[in-house]
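Let's take a walk through a protein model together. Have the sequence and the 3D view ready, and follow along as we go.

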Amino acid sequence: VGNKAAVFPLQLLGFDVDVINSVHFSNHTGHPGGIEGDVLGGDQLKSIVDGLERNGLLRNIGNVLTGYIGSESFLRAIINLLKTVRSNNTDSTVRYVCDPVLGDNGEFYVPPELVSIYREELVPLANVVTPNQFEVEQLTGIRVRSICDAKKACKALHDIGPELVVITSAVLDTDDVNKSEEVKEKSISIIASKNCNGNSGNEVWCINSPILSGQFTGTGDLFAALLLGWSTKDSGDLPSTMEKVVGTMYSVIKRTAESSGDTVASRELKL
């Protein structure tokens, strides 16, 4: 979960990753015995960024990836970090991949007031955004139950900034004409939309993936990291990127499901 799920895949893809942990916990919050440890505050993150900048360590950065952010102060510090990194790399584009972790299955993981900050301040700075079904509905106000709904929600996000929007998992109505009867009952849809900035409309791709039973931690972190990696390496080839990301996700989740047991720890992704 978190950087544990995101950093290793990026390193395997050849990226040199600088890590800032937003929390230093004994375990993730899904464990029944609670957690021990510390949360990095917005002022602390700003201090780290100041030190990196003062020592010339914010140059030659190509991508910034963020995941779970649990407080308003840290979220605003991320905005400052992104602007600072980009100001230190004016000769090249610093791509920002934003995983707007808000919640899932109708429940928030973070304070609901963070939604407006994401929508109005952070997502407009992003090149890529990777919400799940619940998160894209919160960010756009559009109820996503069909491919048509998903396209509308993606367009709403394109309109405020990101060139690439990927809805990482969506359970669509079973009357979706693009699904067979077998797929309707047992699949999730992963929908990618790229803003082509022209009159031809957006480039939209959808992959239906079989659902593997179980609750697994770290899937969103792994998805965002793989998307960053493959969309950089396969720039301009969205179908290839999607195939590699979804194929890897399915393989990792399948391996995890086959070896998981009754404990929370056993359901952490087997990378």
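## Before we start

This is a predicted model, where local features need pLDDT of at least 70 and side-chain atom pairs count only at pLDDT 80 or more, while totals for chains, interfaces and linings use all residues. Residues are numbered from 1 along each chain as its sequence is written, and side-chain values use heavy atoms, with hydrogens and water left out.

## The cores

In soluble globular proteins, nonpolar side chains tend to be buried together. Here the largest nonpolar core has 41 residues, and Leu 45, Val 64, Tyr 96, Tyr 118 and Leu 122 have the most contacts inside it. (A nonpolar core is a set of buried Ala, Val, Leu, Ile, Met, Phe, Trp, Tyr and Cys residues joined through side-chain atoms within 4.5 Å; buried means under 20% relative accessible area, with a 1.4 Å probe and protein chains only.) Helix α3 gives the most to this core, with eight residues. (Helices, H or I with at least four residues, and strands, E with at least two, are DSSP runs numbered from the N terminus.)

Leaving aside neighbours within four places in sequence, Leu 45 touches Ile 20, Leu 40, Phe 74, Ala 77, Ile 78 and Leu 81. (Contact means heavy atoms within 4.5 Å.) Apart from this core lies another, of 26 residues, including Ala 6 and Met 242.

Which residues of helix α4 (residues 114-122) are buried? They are Leu 114, Val 115, Ile 117, Tyr 118 and Leu 122. Seen down the axis of α4, these buried residues fall within an arc of 165°, so they line one face of the helix. (The arc is that of the directions from the helix axis to the C-beta atoms.) They pack against α3 (72-87), β4 (95-98), β6 (107-108) and α5 (133-140).

Helix α1 (residues 3-12) buries Ala 5, Ala 6, Val 7, Pro 9 and Leu 10. Its buried residues pack against β3 (63-66) and α8. Just after α1, Gly 14 takes a positive phi of about 95°.

## A buried serine

Ser 209 sits in strand β10 (residues 203-210). Is Ser 209 buried or exposed? Ser 209 is buried, with a relative accessible area of 8%. Its contacts, leaving aside neighbours within four places in sequence, include Lys 186, Val 246 and Tyr 250.

Definitions and conventions
Buried < 20%, exposed > 50% of the residue type's maximum accessible area, 1.4 Å probe, protein only.
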